[in-house]
Amino acid sequence: MECERVGHRELDVIVTSMVSDSHTWNLVFLQLLLEELGHRVTNLGACVPDELVVEECRRAEPDLIVVSSVNGHGFNDGMRVINGLRSCPELMGTPIVIGGKLGIAGVGDGASARALRAAGFDGVFEEGASVEAFLEFLESLSTRVLL
Ligand code: B12
């Protein structure tokens, strides 16, 4: 009988903000969190134009794309950026998540998170317990069964 073991895959992750957002500590936080868990991070930084996000992700073909926004424009920026990313054949199946403070009215009734998911994000992590939920998502992505 074959023996099953569970192992952890180190992921190549792109962390990025979007064009309107100049906040940086959110990105530093995410980079350190991911690196502490053993993943390799490319941090594109703040105020990244849509074309550059798409170009870098296409070029690197990462295992995961993490988009962060805290300035209140995250919903609008995210709806636009995800279209660009999902239009690339190379990125159609890449896990892409977004998180932070995505609007100016808090988490609300979840309608904006549902819209972001429907537009193509695999995970939407807003405020409150967002980091815990993100860690669970990450765990499911990096866990693999070794035969
Ligand atoms: C420092 C700061 C600035 C600095 C940024 C300097 C820098 N180099 O980063 C400056 C002065 C430049 C700035 C500017 C502005 N700011 Co400001 N800023 C802040 C402040 C005080 C702290 C942000 C910070 O560094 N936090 C530390 C990091 C580690 O935490 P964080 O960003 O909250 O990220 C956490 C979570 O959100 C989460 N997270 C973030 N992204 C992601 C992604 C994923 C996938 C996951 C899982 C989790 C996650 O994880 C992090 C750790 O818990 C906050 C208020 C506050 N106390 O939060 C306002 C705040 C973010 N700013 C705000 C605003 C409105 C602005 C301005 C528009 C102000 C203006 N009128 O000019 C501009 C925006 C300019 C722009 N183009 O983006 C608002 C945003 C409002 C909203 N979203 O509802 C806030 C919340 C203040 C407020 N209460 O109104 N800001």
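Which hand does the crossing of helices α3 and α4 have? The crossing of α3 and α4 is left-handed, where left-handed means that the near helix is turned anticlockwise from the far one by less than a right angle, and right-handed that it is turned clockwise.

This is a predicted model, in which local features need pLDDT of at least 70 and side-chain atom pairs count only at pLDDT 80 or more, while totals for chains, interfaces and linings use all residues. Residues are numbered from 1 along each chain as its sequence is written, and side-chain values use heavy atoms, with hydrogens and water left out.

**Helix packing**

Two packed helices are described by the angle between their axes and the distance between the axes. Here the axes are lines fitted to C-alpha atoms over the stretch in contact, and angles run from 0 to 180 degrees between N-to-C directions; helices (H or I, at least four residues) and strands (E, at least two) are DSSP runs, numbered from the N terminus.

| Helix pair | Angle | Axis distance |
|---|---|---|
| α1 (residues 25-36) and α5 (residues 130-142) | about 40 degrees | 12 Å |
| α3 (residues 74-86) and α4 (residues 111-119) | roughly 10 degrees | within 9 Å |
| α2 (residues 50-60) and α3 | about 35 degrees | 9 Å |

The axes of α1 and α5 pack at an angle of about 40 degrees, which makes α1 oblique to α5; angles under 35 degrees count as roughly parallel, over 145 as roughly antiparallel, 65 to 115 as roughly perpendicular and the rest as oblique. The contact (heavy atoms within 4.5 Å) joins Phe-29, Leu-30, Leu-33 and Leu-34 of α1 to Val-131, Phe-134, Leu-135 and Leu-138 of α5. By class, these are 8 nonpolar residues, with no polar and no charged ones; Ala, Val, Leu, Ile, Met, Phe, Trp, Tyr, Cys and Pro count as nonpolar, Asp, Glu, Lys and Arg as charged, and the others, Gly among them, as polar. The crossing of α1 and α5 is right-handed.

For α3 and α4, the axes cross at roughly 10 degrees, and that makes α3 roughly parallel to α4. Phe-75, Gly-78, Met-79 and Ile-82 of α3 meet Ser-112, Ala-115, Leu-116 and Ala-119 of α4, a contact with 6 nonpolar, 2 polar and no charged residues.

Helix α3 also packs against α2 in a right-handed crossing, where Asp-50, Val-53, Val-54 and Cys-57 of α2 touch Arg-80, Val-81, Gly-84 and Leu-85 of α3. This contact of α2 with α3 has 5 nonpolar, 1 polar and 2 charged residues.

**The ligand shell**

Among the 23 residues around the ligand, Ser-20, Ser-22, His-23, Thr-24 and Ser-68 come nearest. An oxygen atom of the ligand lies 2.9 Å from a backbone N or O atom of Ser-22, and a ligand oxygen is 3.1 Å from a backbone N or O atom of Gly-103. Helix α1 gives the largest share of the shell, 4 residues, and by class the shell has 9 nonpolar, 12 polar and 2 charged residues.

Methods:
Near = heavy atom within 4 Å. Polar contact = N/O pair within 3.5 Å; in protein donor to acceptor, adjacent residues only side chain to side chain.
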